Amino acid sequence: MKETKKLSVSTKLNESQVELLDKLIQKGKVKTRAEALQYLINQQLILGEK
């Protein structure tokens, strides 16, 4: 079952952070910058905090 997203977050990013998000889009892992942020957060959740 897909979890419903109810909360939103707004942030300012520097150029290198945006470039990272755009690289994920270019690689076809995600379609948007918002999805790229979710992807990175989920990756951290799976790998665990260190």
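Buried means under 20% relative accessible area, exposed means over 50%, and partly exposed lies in between (1.4 Å probe, protein chains only). Keep these classes at hand for the stops below.

This is a predicted model, in which local features need pLDDT of at least 70, side-chain atom pairs count only at pLDDT 80 or more, and totals for chains, interfaces and linings use all residues. Residues are numbered from 1 along each chain as its sequence is written, and side-chain values use heavy atoms, with hydrogens and water left out.

**Whole chain**

Start with everything selected. The protein has two helices and zero strands. Both types are DSSP runs, numbered from the N terminus: helices are H or I with at least four residues, strands are E with at least two. The C-alpha atoms fill a box of roughly 35 × 25 × 20 Å along the principal axes. Of the 50 residues, 10% are buried.

**The helix pair**

Select residues 15-26 for α1 and residues 33-47 for α2. They pack at about 95 degrees, with axes 9 Å apart. Axes are lines fitted to C-alpha atoms, for helices over the stretch in contact, and angles run from 0 to 180 degrees between N-to-C directions. α1 and α2 are therefore roughly perpendicular to each other, a term for angles of 65 to 115 degrees.

Now show the contact side chains. From α1, pick Val 18, Leu 20, Leu 21, Asp 22, Leu 24 and Ile 25. From α2, pick Arg 33, Ala 36, Leu 37, Tyr 39 and Leu 40. Contact here means heavy atoms within 4.5 Å. By class, this contact has nine nonpolar, no polar and two charged residues.

**The salt bridge**

Zoom in on Arg 33 and Asp 22. Their side chains meet in a salt bridge, 2.9 Å from N to O. The rule asks for a side-chain nitrogen of Lys or Arg within 4 Å of a carboxyl oxygen of Asp or Glu. By that rule the count comes to one. Arg 33 lies in α2 and Asp 22 in α1, so the pair ties together parts 11 residues apart in sequence. Asp 22 is partly exposed at 23% relative accessible area. Arg 33 also counts as partly exposed, at 43%.

**Along α2**

Take the ends of α2 next. At 1.5 Å a residue, its 15 residues should span 21 Å, and the end C-alpha atoms are 21 Å apart, which agrees. The expected span is 1.5 Å times one less than the number of residues. Step just past α2 to Gly 48, which takes a positive phi of about 85 degrees.

**Two last picks**

Select Ser 16 in α1. Ser 16 is partly exposed, with a relative accessible area of 49%. Its C-alpha lies 15 Å from that of Leu 40, 24 residues away in sequence.

Finish on Lys 31, in the loop between α1 and α2. Lys 31 counts as exposed at 71% relative accessibility. The C-alpha atoms of Lys 31 and Leu 21 are separated by 10.0 Å.

Conventions: Angles under 35 degrees count as roughly parallel, over 145 as roughly antiparallel, 65 to 115 as roughly perpendicular and the rest as oblique. Ala, Val, Leu, Ile, Met, Phe, Trp, Tyr, Cys and Pro count as nonpolar, Asp, Glu, Lys and Arg as charged, and the others, Gly among them, as polar.
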